[in-house]
Amino acid sequence: KVLQTDRQVLQKNRKVLQTNRKVLQTDRKVLQTNRKVLQTDREVLQTDRKVLQTIREVLQTGRKVIKTDREVLQADRKVLQTNRKVLQTDREVLQTDRKVLQTNRKVLQTDRKVLQTNRKVLQ
């Protein structure tokens with residue numbers, strides 16, 4: 001009876017050992033998978049860092065563009081202001097030219113009258 005019990009215990013022990021081996025094998029596979037997952041996580045983190053760096057560079061470039069745009073706008077405003085002054089000066093020159101033309105017409109008219117008078121005197 002003791003032998004039979006010993007055999008049964010041995011048989012159960014063998015089954016437990018077999019189960020333990022399977023569990024160990026499964027554990028090894030899980031560990032291997034976990035290592036792969038960790039490696040993938042590291043690669044994802046590295047990619048995320050690169051993406052963040054690129055985003056920072058894009059933001060920095062955007063800031064530079066905005067700064068340049070402001071400078072261009074400021075320069076454009078100065079050009080517009082200068083153009084307005086030039087236009088104002090042009091208007092004043094045109095007005096002066098009109099007055100000169102008007103004066104020239106009067107002078108011509110007077111010259112005609114003088115010529116006409118001179119003709120009469122000469123006749």
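## What counts as a helix

A helix is here a DSSP run of type H or I that is at least four residues long, with numbering from the N terminus. By this definition I55 lies in helix α1, and this helix takes in residues 2-122. The model is a predicted one, which should be kept in mind throughout the report.

## Overall form of the chain

The secondary structure of the chain comes to 1 helix and 0 strands. The radius of gyration is 52 Å, whereas the globule rule gives 14 Å for 123 residues, and because the value for the chain is well over that figure, the chain is more spread out than a compact globule.

## Surface and charge

Of the 123 residues in the chain, buried residues make up 0%. The accessible surface of the chain comes to about 12,400 Å², and carbon and sulfur atoms account for 55% of this area.

The chain carries 32 positive and 13 negative charges, and the mean position of the positive charges is 6 Å from the mean position of the negative ones.

## A look at I55

Where does I55 stand in relation to T82? The two residues are 27 residues apart in sequence, and their C-alpha atoms are 40 Å apart in space.

Technical notes
Residues numbered from 1 in each chain as written. Predicted model: local features only at pLDDT ≥ 70, side-chain atom pairs only at ≥ 80, totals over all residues. Heavy atoms only, no water. Helix = DSSP H or I, 4+ residues; strand = E, 2+ residues; numbered from the N terminus. Rg over C-alpha atoms; globule rule 2.2 N^0.38 Å. Buried < 20%, exposed > 50% of the residue type's maximum accessible area, 1.4 Å probe, protein only. Areas by Shrake-Rupley, 256 points an atom, 1.4 Å probe, with all protein chains shown as cover. Lys, Arg positive; Asp, Glu negative; His and termini not counted. Charge placed at Lys NZ, Arg CZ, Asp CG, Glu CD.
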